[in-house]
Amino acid sequence: MVEIVPLFLSLLAGMGLGFFFFGGLWWTLRHLTTSRRPELLAMGSFLARTALAVLGFFLISGGHWQRLIAALAGFLLMRLILTHRLQPEFHPKES
């Protein structure tokens with residue numbers, strides 16, 4: 001029987017991973033233009049964010065596919081939240 005508490009905790013942990021991953025992506029993109037080595041910043045950020053996310057999913061799942069699915073759902077939920085909150089403001093031109 002699947003208990004709800006471990007699934008809820010997995011969802012929250014997945015949201016934390018998503019916050020780190022997509023927040024780190026946002027930070028990286030904002031700093032690429034001022035970096036002296038933007039290619040190193042982009043590649044290093046990608047590798048660090050991906051490695052932490054994969055390790056996090058592995059640890060969160062604990063061998064239970066249900067926890068992995070909950071963590072992935074939290075990860076994607078955080079993506080939706082951050083893309084909504086961090087999108088640039090749209091100011092239509094007046095004609």
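Visitor: Which residues form a nonpolar patch on the surface?
Guide: In this predicted model, the patch consists of Ile4, Val5, Phe8, Leu9 and Leu12. Together these residues have about 510 Å² of accessible area.

Visitor: Where is the place of Leu12?
Guide: Leu12 belongs to helix H1. Its relative accessible area is 41%, and Leu12 is therefore partly exposed.

Visitor: Turning to helix H2, how many residues does it have?
Guide: Helix H2 has 24 residues, covering residues 38–61. From its first C-alpha to its last, H2 reaches 34 Å, close to the 34 Å expected at 1.5 Å a residue.

Visitor: Which residues in H2 are buried?
Guide: The buried residues of H2 are Ser45, Arg49, Ala53, Gly56, Phe57, Ile60 and Ser61.

Visitor: And what do the buried residues of H2 pack against?
Guide: They pack against two helices, H1 (4–31) and H3 (65–85).

Visitor: A change of topic: how many salt bridges does the structure hold?
Guide: The structure holds 1 salt bridge.

Visitor: Which side chains meet in a salt bridge?
Guide: The side chains of Glu39 and Arg37 meet there, at 3.2 Å from N to O. In general, side chains of opposite charge can pair when their charged atoms come close.

Visitor: What is the relative accessible area of Glu39, and how does it count?
Guide: Glu39 has a relative accessible area of 48%, so Glu39 is partly exposed.

Visitor: And what about the relative accessibility of Arg37?
Guide: Arg37 also counts as partly exposed, because its relative accessibility is 49%, and exposed residues are those over 50%.

How values were computed. Residues numbered from 1 in each chain as written. Predicted model: local features only at pLDDT ≥ 70, side-chain atom pairs only at ≥ 80, totals over all residues. Heavy atoms only, no water. Helix = DSSP H or I, 4+ residues; strand = E, 2+ residues; numbered from the N terminus. Expected span 1.5 Å × (residues − 1). Buried < 20%, exposed > 50% of the residue type's maximum accessible area, 1.4 Å probe, protein only. Contact = heavy atoms within 4.5 Å. Patch = residues over 30% accessible without salt bridge, like charges linked within 9 Å, V, L, I, M, F, W, Y side chains within 5 Å. Areas by Shrake-Rupley, 256 points an atom, 1.4 Å probe, with all protein chains shown as cover. Salt bridge = Lys/Arg side-chain N within 4 Å of Asp/Glu carboxyl O.
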